[in-house]
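Student: Could you take me through how burial, helix packing, cavities and pockets are read from a model?

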Amino acid sequence: MADKGKGGDKGKGKGAKSKGKGPRPHANHYYIDGKVYDFSEWKNIHPGGPAFFAVSYQRDISAAVHAYHAYPERLTPILEKYEVNMADFDNKEPREILTQDMNAPAFILPPNFDARRDVPTYDWDKPFMGKLRKKLFTPEMQRKIRAADKAFDVTAACLLAVHVFVSFPALYLNILPGWLWIVLQFLTRTSLAGVGHYFCHRKAGDGQSGWGLYLFDMQYVGASTVLSDGHVMLHHLYTETPADVKRTVFNFMITIPRLLRVPLFTAQKFGEFFTGHLLRQKDYATAYEHGFWMRLKIGCKKMCKGNRGIHSLMVAEFLWAALCSKIHLWFLQFFFVVWISIFQIVASHDFEVVREDQEYKNLDWGIFQIQHALDTYVTGIKYIDIFLSAGLSCHRAHHVLPYQKSGFANIVSEECVKETCKEFGVEWAPARNLILDRFLPLMFHYLTVPAQIPAHPKAIIIGGGGVKGFFLEHLQPDVIIKGLKDVARGFSGASI
């Protein structure tokens, strides 16, 4: 076959044939709808850029094909060109090429996770998305969406200008009361993180190589360098299933004893901000170390250039506050931004709810996303709340249509999504108050739950239950040493 069946022969090392063993799956193989494809060539000419392919190899990326493209049917000729002939692999089951750990760091995966078993599958022949697309792809709706994207970008640029003014001239001239300066820092950082959230979903020419992507880091918690994979390719494709890394990404916080949880976690985030991110950029840019991070080298140098710029700005803000003798204000805003952002990140899904084990097979993409994402509000004005929630207020439309470029586009598309839900008898639950319904319960959960080690089927409580357990968890030297090591890893960049 001229274009097929080359997957086992291309490349070196993993990709090459080994004597007596035949070809093996390698870093150019991807699983889509029960078939295996070799994207050695395609990932470098992909219009959306190569970043999405960097560490998603040997995963089931079916949802990326169907949900991240407005017209997935147009991809059929491309897929046919790069399909692998499984006869070259001794007719093994295509799903056997899946790597068990999805090329993700072990600490963000559930115990005993196996991608061949635990990654969800969707039935793309179900009619929900087809009916929704008919509503969205009218000339009038497309005009509204394009206008919404443009307005979002203009607003984002204005927010960045306001943030720079507040961080530098306003602080130096002392024209704002301290409390108001802290509030504005939180508002602009949260809003800019929302901008970065949407830019990470854009194709290379629209966002991955643009200024907006790196703004996600403004709230001190996330890392835009890994956002295209951790958020776009792992969270969105596998929402609210065992494969969704967003369920477990903050679990290490609850391994810390309760009285030490806030100070140690805050210190770690300060370390990541102050030196960790910049040191990690050096590793990303060279990308020659072994393991997970090496696979980020595709397109990484250009990404790191913009990322270093944002982190240099953030460190400059810290040093400027010190020069202006306002370092106490800076630390106060840092503390509030970090902790509010942590709870915002997990507020868009019911991650804290313990569900019974179940199979996630042949799901209807649109209906499943509607039922497993939450809309939130603060003021009730969607065009304001989209920024106050770091981009999460219109969250159900965002999960159903993850390829859309902006929060404003999701707002104008929401009515079409609701109409389609009504046609299919899918409940459209009321939006939840971000502060009362989500933030406060999550804060109570994460700060008061006993220190524990995630395990299946039940977590291992470090000190045991009750009042006695509360005291015992603080008397575990190994646990405290691990917490201190986590802080050190933040400064070195190893925890990012």
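Tutor: Let us begin with one cysteine: C158 is partly exposed, with a relative accessible area of 45%, where buried means under 20% relative accessible area, exposed over 50% and partly exposed in between, computed with a 1.4 Å probe on protein chains only. This is a predicted model, in which local features need pLDDT of at least 70, side-chain atom pairs count only at pLDDT 80 or more, and totals for chains, interfaces and linings use all residues. Residues are numbered from 1 along each chain as its sequence is written, and side-chain values use heavy atoms, with hydrogens and water left out.

Student: Is C324 buried or exposed, and how many disulfides does the structure hold?

Tutor: C324 counts as buried, at 15% relative accessibility. A disulfide is a pair of cysteine sulfur atoms within 2.5 Å, and the structure holds 0 of them.

Student: How should I read the burial pattern of a helix, and which residues of helix 5 are buried?

Tutor: An α-helix has 3.6 residues a turn, so residues three or four places apart point the same way. Helices are DSSP runs of H or I with at least four residues, numbered from the N terminus. In helix 5 (residues 128-136) the buried residues are F128, M129, L132, R133, K135 and L136. Seen down the helix axis, these residues fall within an arc of 155°, so they line one face of helix 5; the arc is that of the directions from the helix axis to the C-beta atoms.

Student: What do the buried residues of helix 5 pack against?

Tutor: Their partners are helix 2 (62-67), helix 6 (139-167), helix 14 (365-371), helix 16 (395-400) and helix 17 (407-423), contact meaning heavy atoms within 4.5 Å.

Student: Which residues line the largest cavity?

Tutor: On a 1 Å grid over the protein atoms alone, a cavity is a set of points where a 1.4 Å probe fits but cannot get out, whereas a pocket is an open set with protein on both sides within 12 Å along at least five of seven lines; lining residues have an atom within 4 Å of a point. The largest cavity is lined by F252, I256, L264, F265, Q268, G483, D486 and V487, and helix 11 (258-286) and helix 20 (477-492) are the elements that give two or more residues to this lining.

Student: Which residues are closest to the centre of the second largest pocket, and which helix supplies the largest share of its lining?

Tutor: Among the 35 lining residues of that pocket, Y68, H69, A70, K203 and Y403 are the closest to its centre, while helix 6 gives the largest share of the lining, 4 residues.
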